[in-house]
Amino acid sequence: MSVILRDNTLGTINDRALLLNDQASYERLINGNSKAALPLLTDALEICVPDDNIALYANINMNLGCIYLDLRDMTNAERYMLTAIEITKQANIVSHDFIIMVHNYATLLANSKNYEKAVVMLKQCADFVRAYIGDMNLDYADPIYEAAELFLLLGDETNAQIYFDEAFRVYSSVLGESD
């Protein structure tokens, strides 16, 4: 891989950024080494040309946020995750990546005990899915269910029940009834 990354005649600069991103993902997910992934992603972000591939630029930012979350650097985790979400919103990118980005950020917020803001993000995610994909799928039901769990943590049993009912309505429809 290092030969490919050094040879400027092969591919574009964003191809090299993608390779660094993929190498970082391998380090993090397969080797469990977020510290080794961090400089790879930092390099990927530095060379990525957003005007040529805004979705790649947003994904690298989100992946950096996840690395910082692994390393328990909540300030940088939030900074990069929010950057990724804002880039995606501004570019009006409709993709499954956006759902994952918002979910990752909501997880960060919940882990930081910022339940109210996490609920807002999960609701935005569900609204996004409903608007662009529909409301009879797991991408819609899952953030609704997670919001219900957070409502319980907030002591709001009324909203928890409403959201659980909605999530289970979709789960039953999509997955079917079981004994």
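**The salt-bridge network and its surroundings**

Author: At 34% relative accessibility, Leu138 is partly exposed, that is, between the limits for buried (under 20% relative accessible area) and exposed (over 50%), with a 1.4 Å probe and protein chains only. Leu138 belongs to helix α8, residues 138–153; helices are DSSP runs of H or I with at least four residues, numbered from the N terminus. This is a predicted model, in which local features need pLDDT of at least 70, side-chain atom pairs count only at pLDDT 80 or more, and totals for chains, interfaces and linings use all residues. Residues are numbered from 1 along each chain as its sequence is written, and side-chain values use heavy atoms, leaving out hydrogens and water.

The network itself links Asp135, Glu166 and Arg169 through salt bridges, each a side-chain nitrogen of Lys or Arg within 4 Å of a carboxyl oxygen of Asp or Glu. Arg169 pairs with Asp135, with 3.8 Å between the closest N and O atoms. Because Arg169 lies in helix α9 (residues 157–175) and Asp135 in the loop between α7 and α8, this pair ties together parts that are 34 residues apart in sequence. Arg169 also pairs with Glu166, the closest N and O atoms being 2.8 Å apart. Glu166 and Arg169 are both in helix α9, three residues apart, about one turn of the helix. Arg169 is partly exposed at 36% relative accessibility, and Asp135 is partly exposed at 28%. Gly134, which follows α7, has a positive phi near 125°.

Definitions and conventions: Helices (H or I, at least four residues) and strands (E, at least two) are DSSP runs, numbered from the N terminus.
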